[in-house]
Amino acid sequence: MAKWGQGDPRWIVEEREDGTNVNNWHWTERDATSWSKGKLCEFLVGIVVENEAGRCQISELKQVEGEASCSSRKGKLIFFYEWNIKLGWKGVMKESGAKHKGLIEIPNLSEENEVDDTEVNVSKKKGDGDILKDLMKTAGTAKVREALGDYLKALKTEFTIGMILPTKATAAQELTIKRKLSENTLQAPLGVRIPTVALHMTELFDTAAERLYSIFTVKELVQKFSKSPATLEAEKGGKFQMFDGNVTGEYIELITNEKIVMKWRCRNWPEEHYATVVLNFVPTPGQTELQLDCKGVPVCKEENMKFCWQKQHFEEIKGLLQLTTLNG
């Protein structure tokens, strides 16, 4: 056995003040499931294909089941993802104006297959309109695979930021690169208006307003429903960060058990752009109605925002409440 201080230097962590993963030798893992669900919705919902006969659009993400993660070992990143995805599409015939709906199913998006080989099944409800189904089978499938490729690129770049730490040998080089990037970065023109929309959503929860309010303001409960690290200061002017830093903002107003007003943004929104989110907690017999009003959502992120609140907030909170009831 080696004496203290004479072991393999790759395992020595005391050289760093924070004691973290020197030379990226140790195994680290980050859960990408919640982040991926939002990204898949962002890239897939809204896809449009069109020809002389008709126009089709992917209108909703009906189901996304599975998981994703990224691990780091010896300075290398290892990705795992496995998804079963169902999408809703709708189309209209240009000549007759007839409307049709259907499904797109992606039964196995995983690292075992190339994106171009990923199975994409298109179906349509009974009736005429097979020409629209054919459009989705050809041009639609191509665009879906392209979007899946964009998701994987984001998973391997955007999501992994900070997972590979700089070593002493590369620190100076990276600093030089950062300086050059900063010198060559163009700032967006001041005063440019970003097209936005407003959202209104309501949801009933089988719990008291006090309990529901605490789920949005207590760090431990936020981490439980989001299944990811979070930091928050639930007071006026306090900052918050959720979903591994993908959602950040600031508390503007808090009325205990009644109302929360926040500045709120996703990481992939235009820089420094925030929406205003208002949560009203309305007691009803045996339940609480949560009223969500959101202003300032970028138009291109509307569907992603709806998914984020419906799937990653409302449904996950209901799951947490059920689990708490069972364990109580």
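Are Phe205 and Phe314 buried or exposed? In this predicted model, both Phe205 and Phe314 are buried, and the views below begin with this pair.

**View 1. Phe205 and Phe314 form an edge-to-face aromatic pair.** The structure holds eleven aromatic pairs, and in this one the ring centres of Phe205 and Phe314 are 5.9 Å apart, with 80° between the planes. Because Phe205 lies in strand E7 (residues 196–205) and Phe314 in helix H6 (residues 302–327), the pair ties together parts that are 109 residues apart in sequence. Lys318 lies over the face of Phe205, at 5.6 Å from the ring centre.

**View 2. Tyr213 and Phe281 link distant parts of the chain.** With ring centres 5.5 Å apart and planes at 65°, a value over the 60 degrees required, the pair formed by Tyr213 and Phe281 is edge-to-face. Tyr213 belongs to helix H4 (residues 209–217) and Phe281 to strand E12 (residues 275–284), and the two residues are 68 residues apart. Tyr213 counts as buried at 8% relative accessibility, and Phe281 counts as buried at 4%.

**View 3. One aromatic cluster includes both Phe205 and Tyr213.**

**View 4. Lys263 lies over the face of Tyr274.** The distance from Lys263 to the ring centre of Tyr274 is 4.6 Å.

**View 5. Ser228 is a buried loop residue.** Ser228 is found in the loop between helix H5 (219–226) and strand E8 (231–232), and its relative accessible area is 8%. The side chain of Ser228 reaches the backbone nitrogen of Phe243 at 3.4 Å, and, when neighbours within four places in sequence are left aside, Ser228 is in contact with Gln223, Phe243 and Asp244.

**View 6. The largest nonpolar core has 39 residues.** Ile85, Ile104 and Tyr151 are the residues with the most contacts inside this core. Two or more residues are given to the core by each of helix H1 (33–44), strand E3 (54–73), strand E4 (76–93), strand E5 (99–110) and helix H2 (130–156), and the largest share, ten residues, comes from H2. Not counting residues up to four places away in sequence, Ile104 touches several residues, among them Ile58, Ile85, Trp89, Val120, Met136 and Val144.

**View 7. A second, separate core has 38 residues.**

How values were computed. Residues numbered from 1 in each chain as written. Predicted model: local features only at pLDDT ≥ 70, side-chain atom pairs only at ≥ 80, totals over all residues. Heavy atoms only, no water. Phe/Tyr/Trp six-rings, centres within 6.5 Å; stacked < 30°, edge-to-face > 60°. Helix = DSSP H or I, 4+ residues; strand = E, 2+ residues; numbered from the N terminus. Buried < 20%, exposed > 50% of the residue type's maximum accessible area, 1.4 Å probe, protein only. Lys NZ or Arg CZ within 6 Å of the ring centre and 35° of its normal. Polar contact = N/O pair within 3.5 Å; in protein donor to acceptor, adjacent residues only side chain to side chain. Contact = heavy atoms within 4.5 Å. Core = buried A, V, L, I, M, F, W, Y, C linked by side-chain atoms within 4.5 Å.
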